[in-house]
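I opened this entry to look up the annotated sites and the helix packing.

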Amino acid sequence: MRRPVVMGNWKLNGSKTMVTELLTGLNAELEGVAGVDVAVAPPALYLDLAERLIKEGGNKIILGAQNTDVNNSGAFTGDVSPQMLKDFGATHIIIGHSERREYHHESDEFVAQKFAFLKENGLTPVLCIGESEAQNEAGETLAVCARQLDAVIKTQGVEALNDAIIAYEPIWAIGTGKAATAEQAQSIHASIRAHIAKESEAVAKNVIIQYGGSVKAENAAELFAQPDIDGALVGGAALDAKGFAAIAKAAAAAKA
Ligand code: PEP
């Protein structure tokens, strides 16, 4: 039985006040909520504050981050290492987000390198995959997802996906308000799982596959009712404690 994971990607949003209000609100909203793992990925600068606030709230929230370097120390100006993330209690690290692939020209191979380095350091990669609108319209969705996944599978073996999380995020749905329908998302999730099952049925059966792209309280229940959707990676709607908690509660209810 896969336990759903709902993770908030705060992107480049935050201030001391905002982090304090959001996590204080979430600590309260998540009181008594069971059956779902809830994680947040604040900007790296706020990890220290977030770690303290999560502790104050009784550690109901998993701390994550939005990126990692592929070195633990050295002459790499501006980067943040897995050991530094660990030092602040962050465990779930987003890699391969489409914004990093696009704006920072991160290749499948570089993302796979990050995946391997996170695992080597005992952290959980949250590997984002997904197609652009043009690729979707050209019928290339599965080929794109398979290529992005294979960059990990072919270099590290399918077992590398054990204890990792995959986030299927169609780029055309991110931040647009135009989420994939539950049926569309389910069909791609099932195909992603089938692609992994070609290498290992056991890994495919156990791996968490989140959906990401304009998830909000209003469409969460329908998405989570699908058998292959194991939670969500949430952007915009993760910046509101009540709305984000409602998504987490919907996941818990759907998979109970
Ligand atoms: C994201 O950036 O990972 C994301 C899913 O954003 P949004 O929920 O705003 O579409």
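UniProt positions are given here in the numbering used for this model, and such annotations may be inferred rather than shown by experiment. I note at the outset that the model is predicted.

Entry 1
I looked up the feature "active site" in the unreviewed UniProt entry, which places it at His 97 and Glu 169. These residues span 73 residues in sequence, yet no two of their C-alpha atoms are more than 8.4 Å apart, so they gather at one spot. From this set, I found His 97 in the lining of the largest pocket. I then located His 97 in the chain: His 97 sits in the loop that runs between strand 4 (92-95) and helix 4 (98-103).

I traced Ser 214 to the loop between strand 7 (208-212) and helix 10 (217-224).

Entry 1: helix 1 with helix 2.
I turned to helix packing. The axes of helix 1 and helix 2 (residues 47-56) cross at roughly 25° and come within 10 Å. Angles under 35 degrees count as roughly parallel, and helix 1 and helix 2 are therefore roughly parallel to each other. I recorded their crossing as right-handed. On the helix 1 side I listed Lys 16, Val 19, Thr 20, Leu 23, Thr 24 and Asn 27, which meet Leu 49, Ala 50, Leu 53 and Ile 54 of helix 2. By class, this contact has six nonpolar, three polar and one charged residues.

Entry 2: helix 1 with helix 11.
I then followed helix 1 (residues 16-29) to helix 11 (residues 241-255): their axes cross at roughly 40° and come within 9 Å. Helix 1 and helix 11 are therefore oblique to each other. Helix 1 passes helix 11 in a right-handed crossing. From helix 1, the contact uses Leu 22, Gly 25, Leu 26 and Glu 29, and from helix 11 it uses Ala 241, Lys 242, Phe 244, Ala 245 and Lys 249. I noted five nonpolar, one polar and three charged residues in the contact of helix 1 with helix 11.

Entry 3: helix 5 with helix 7.
Last, I examined helix 5 (residues 108-120) against helix 7 (residues 141-156), which pack at an angle of about 50° with their axes 9 Å apart. Helix 5 and helix 7 are therefore oblique to each other, and their crossing is right-handed. Helix 5 contributes Asp 108, Ala 112, Phe 115 and Ala 116 to the contact, while helix 7 contributes Arg 147, Gln 148, Ala 151, Val 152, Thr 155 and Gln 156.

Terms used
Residues numbered from 1 in each chain as written. Predicted model: local features only at pLDDT ≥ 70, side-chain atom pairs only at ≥ 80, totals over all residues. Heavy atoms only, no water. Axes fitted to C-alpha atoms, helices over the stretch in contact; angles between N-to-C directions. Helix = DSSP H or I, 4+ residues; strand = E, 2+ residues; numbered from the N terminus. Parallel < 35°, antiparallel > 145°, perpendicular 65-115°, else oblique. Left-handed = near helix turned anticlockwise from the far one by under 90°. Contact = heavy atoms within 4.5 Å. 1 Å grid on protein atoms, 1.4 Å probe; cavity = no way out; pocket = protein on both sides within 12 Å on 5 of 7 lines; lining within 4 Å. Nonpolar A, V, L, I, M, F, W, Y, C, P; charged D, E, K, R; others polar.
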